[in-house]
Amino acid sequence: MNDPLATPLWRGARVGTAGLALIAAVAFPFVFTNPAVTSVAMFTLLFVGSSSAWNLFSGYSGYMALGNAVFFGSGAYFLANVAKDLHLKGGIGIFALVPLAGLFAGLVGVPVGWLALRTRRHTFVVVTISIFFVFQLLAYNLHSLTNGSGGMQLPMPPWLADTYNNYFYAAALVVAVVAIALSWAVRRSRFGLDLLAIRDDEDRARGLGVRTERVKLAAFALTGFITGMCGAITAYYLGSIYPPFVFDALFDVTIALMAFLGGLGTVTGPVVGALLLEPMQQYLTLRFSNAGISLILFGCLFLLVIRFLPEGVVPSLARLLRHVLRTRGEPQAGPGDPPPYDSPADHSPAAREVPR
Amino acid sequence: MSTELAKAVVDGVLTGGVYALMAAGLTLIFGVMEIINIAQGILVVLGAYLSYVLQTHLGLDPFLGLFITVPVMFFVGVGIEWGFVRRLKQQNRTALSILVTFAVAIVIEGILTQFFSGDLRSLHAWYVDRSLHLLGFYLPYIYLLGFALAVAGLAALQVFLYRTRTGYSIRASMQNRAGAQLVGIDINRVSAITFGIGAAVTAAGGMVFGATTTFNPNSGYDLISRLLVIVVLGGLGSIGGALIAAVVALVIEDVTAVLWSPVWASTMFFAVLIVVLIVRPNGLFGRQAARAQ
């Protein structure tokens, strides 16, 4: 049976929604001028970027990386070091270094990926976690590069309090859009198909001529590039960075949870997951100043998502929509659909039962 | 220098034994269920807090308290398996199990933070502060007793796995899950018992951990990262491998602290893993199957 969501009508609706979402994102800081709100919005966009980046490698290839904070922290410390060594003053110019920080994090991803990707499945997960702890320890110990637990200061931008967040919001929006565009482009390319083939059956994909090592490493480094940019922007926004904040174990799982919540391996999934989760998390932290309760609520939410939405919001909604469209009797015939001359048979109760 | 070095090796072996006990639970759970229990670290901390509560409120000696904390932790483990792990769908089970146990760890950390705040605690007893003078070494009694406890625990585990009917079922499930089901083994029961045992050993490990170092609800992260390194180093699912890896890793850490600097000791711990993985991606004693996807 044809996919009722693949008609030109629905495709147009999807493009339209994406356009509207972009316009809404651009207009957001002009409508909501409260700095407390724009700050949450900026962090949400950074998580949209980080979670899409996580999904680009882990969602497509099936390799669960739980150490992406390595990239986040590398980007943050790169920006802090360059700004310090060049004695840069705060201002818009610093943002020009953000892509460089991303490139640096992507380069870090090459040896890290080479090492971690020698293993598979559970061992891979554990190795990424271990490498993450190595980087956190290095951040504490390499005093010449990171100043240890004393932390590093970044230049202070000269902007007024009212518009201060808007610069960061704009930068975060650019990174988020780049992340989504890359994720979309990869999904439609041969490269993306290679990754999906690796997820389904790596040995067979290899037998069919997919250069698995190279494909995996490239996707891993690309993830590092985007996540590193998110880390650099966060560092600039916070003004000072410390090892446990930029190399944060919770970051590793939060971006994975966002992708799971939205829908693993889909382009929109991590976006939806981040939009739902990050504002909620910020609200929980604000509402319950007590760390214990917000941790309990976050963990329970986590458990509920895995229990009741193991596929994620986007695939579950898409399935529901397909089910509704099909069981409404007449298919929503788009111009490209075959003529429904065999439709009488389709109205028998047995045929109307949607498989699955 | 040489006596310091010898002392570092002895300390490494003694603490390695305790880590081996905690890691044995983790690798046993992996062997039977093919899932990684990220909550193992926070369960150790929970075990330490249970001993702490028994000691401060009932005045119970931590070693005597084990008669209460070990069964309690067993049922905590059975509860986690029954409540969350068993309900996972077969598709994507590996990935989801890691997230589920992580979520359980976050909830437990939240509960501990709520009750005990983030303040550092530690267990006290006469054997914690005194040392035995032996062959020129000063060995704290707690290290010796903890090591003895770990050896006893591991021996009990060995007897249980190799001499009882349930133990046979567990080993059969480790070798071939589907085959074990075919010959009539109730895999759900075996999984629950395995998870219970995996959690029960953390009660003993946590007690020794709490007596040798200070702890707070945040200590779980450091512990789980070390335990994961140990089980991967030894090869996932291999109990013997975990024992050797625990002792080797802890000795290397302590020796680094003496020869180089304590600052780099824990980095060394992870560096060992990286070096081993370059040479042997399956760990020291890993099965080839661990690489198949």
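The model is predicted.

Q: Why are α4(A) and α9(A) classed as oblique to each other?
A: Angles over 145 degrees count as roughly antiparallel, and 65 to 115 as roughly perpendicular. The angle between α4(A) and α9(A) is about 140°. The pair is therefore classed as oblique.

Q: How many charged residues are in the contact of α4(A) with α9(A)?
A: The residues of this contact include 18 nonpolar ones and 9 polar ones. The number of charged residues is none.

Q: Which element gives the most to the side of chain A that touches chain B?
A: Chain A puts 37 residues into the contact and chain B 39. On the side of chain A, the elements giving two or more residues are α5(A), α11(A) and α13(A). With 13 residues, the one that gives the most is α5(A).

Q: How many nonpolar residues are on the side of chain A that touches chain B?
A: This side also has 7 polar and 5 charged residues. The nonpolar residues number 25.

Q: Are α13(A) and α4(B) roughly parallel or roughly antiparallel?
A: The two helices pack with their axes 7 Å apart and an angle of about 155° between them. Angles over 145 degrees count as roughly antiparallel. That is why α13(A) and α4(B) are roughly antiparallel.

Q: How many charged residues are in the contact of α13(A) with α4(B)?
A: Among the residues that meet here are Phe298(A) and Phe302(A) from α13(A), and Ile106(B) and Glu109(B) from α4(B). By class, the contact has 16 nonpolar and 5 polar residues. The charged count is 1.

Q: Why is α1(B) largely enclosed by the rest of the structure?
A: Helix α1(B) runs over residues 2-33 and reaches 45 Å from its first C-alpha to its last, close to the 46 Å expected. A residue is buried if 20 or more other C-beta atoms lie within 10 Å of its own. Helix α1(B) is largely enclosed because, of its 32 residues, the number buried is 23.

Q: Which residue just after α1(B) takes a positive phi?
A: The phi in question is about 60°. The residue is Glu34(B).

Definitions and conventions:
Residues numbered from 1 in each chain as written. Chains lettered and ligands numbered in written order. Predicted model: local features only at pLDDT ≥ 70, side-chain atom pairs only at ≥ 80, totals over all residues. Helix = DSSP H or I, 4+ residues; strand = E, 2+ residues; numbered from the N terminus. Expected span 1.5 Å × (residues − 1). Buried ≥ 20, exposed ≤ 12 C-beta atoms within 10 Å, placed from the backbone. Axes fitted to C-alpha atoms, helices over the stretch in contact; angles between N-to-C directions. Parallel < 35°, antiparallel > 145°, perpendicular 65-115°, else oblique. Nonpolar A, V, L, I, M, F, W, Y, C, P; charged D, E, K, R; others polar. Contact = placed C-beta atoms within 7 Å.
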